[in-house]
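Visitor: I'd like to learn how to read a model like this one, feature by feature. Could we have it on screen while we talk?

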Amino acid sequence: MATLRNQTDQSIKLLELLEQTACSFCNGGHLVRDQYKGNEAVVCSSCGTPGAQVWNGQ
């Protein structure tokens with residue numbers, strides 16, 4: 001159980017690190033924390049493309 005919690009913590013940290021970085025799919029957009037298809041993610045504020053998502057395993 002501790003391993004799963006550690007993986008979740010690392011995944012959330014990754015999303016936090018990616019926040020506010022430039023979108024690699026469009027010009028001018030940046031990544032913001034949001035949900036994408038029910039998963040925690042960072043998505044572009046301009047085009048809506050996910051930069052990364054963490055599957056919730058359900």
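Visitor: How many disulfides does a search of the whole structure find?

Guide: A disulfide is a covalent bond between the sulfur atoms of two cysteines. Here the cut-off is a pair of cysteine sulfur atoms within 2.5 Å, and the search of the whole structure finds zero. Cys-26 is in no disulfide, and its nearest cysteine sulfur, that of Cys-44, is 3.6 Å away. Before going on, some ground rules: this is a predicted model, where local features need pLDDT of at least 70 and side-chain atom pairs count only at pLDDT 80 or more, while totals for chains, interfaces and linings use all residues. Residues are numbered from 1 along each chain as its sequence is written, and side-chain values use heavy atoms, with hydrogens and water left out.

Visitor: Is Cys-44 buried or exposed?

Guide: Buried means under 20% relative accessible area, exposed over 50%, and partly exposed in between, with a 1.4 Å probe and protein chains only. Cys-44 has a relative accessible area of 4%, so it counts as buried.

Visitor: And what does Cys-44 touch?

Guide: Contact means heavy atoms within 4.5 Å. Not counting residues up to four places away in sequence, Cys-44 touches Cys-23, Cys-26, Gly-29, His-30, Leu-31 and Thr-49.

Visitor: Which residues make up the largest nonpolar core?

Guide: In soluble globular proteins, nonpolar side chains tend to be buried together. A nonpolar core here is a set of buried Ala, Val, Leu, Ile, Met, Phe, Trp, Tyr and Cys residues joined through side-chain atoms within 4.5 Å. The largest one has seven residues: Leu-15, Cys-23, Cys-26, Leu-31, Val-42, Cys-44 and Ala-52.

Visitor: On to the sheet: in what order do the three strands come?

Guide: Helices (H or I, at least four residues) and strands (E, at least two) are DSSP runs, numbered from the N terminus. Two strands pair if DSSP finds at least two bridges between them. This open sheet runs β1-β2-β3, with antiparallel pairing. β1 and β3 (50-54) stand at the edges with a single partner strand each, so one side of each lacks a neighbour in the sheet. Between β2 and β3 there are four bridges, in the antiparallel sense; Val-43, for one, has Pro-50 in β3 as its bridge partner.

Visitor: Where does Asn-39 lie?

Guide: Asn-39 lies in strand β2 (residues 39-44). Asn-39 is buried, with a relative accessible area of 6%. Leaving out residues up to four places away in sequence, Asn-39 touches Asp-34, Gln-53, Val-54, Trp-55 and Asn-56.
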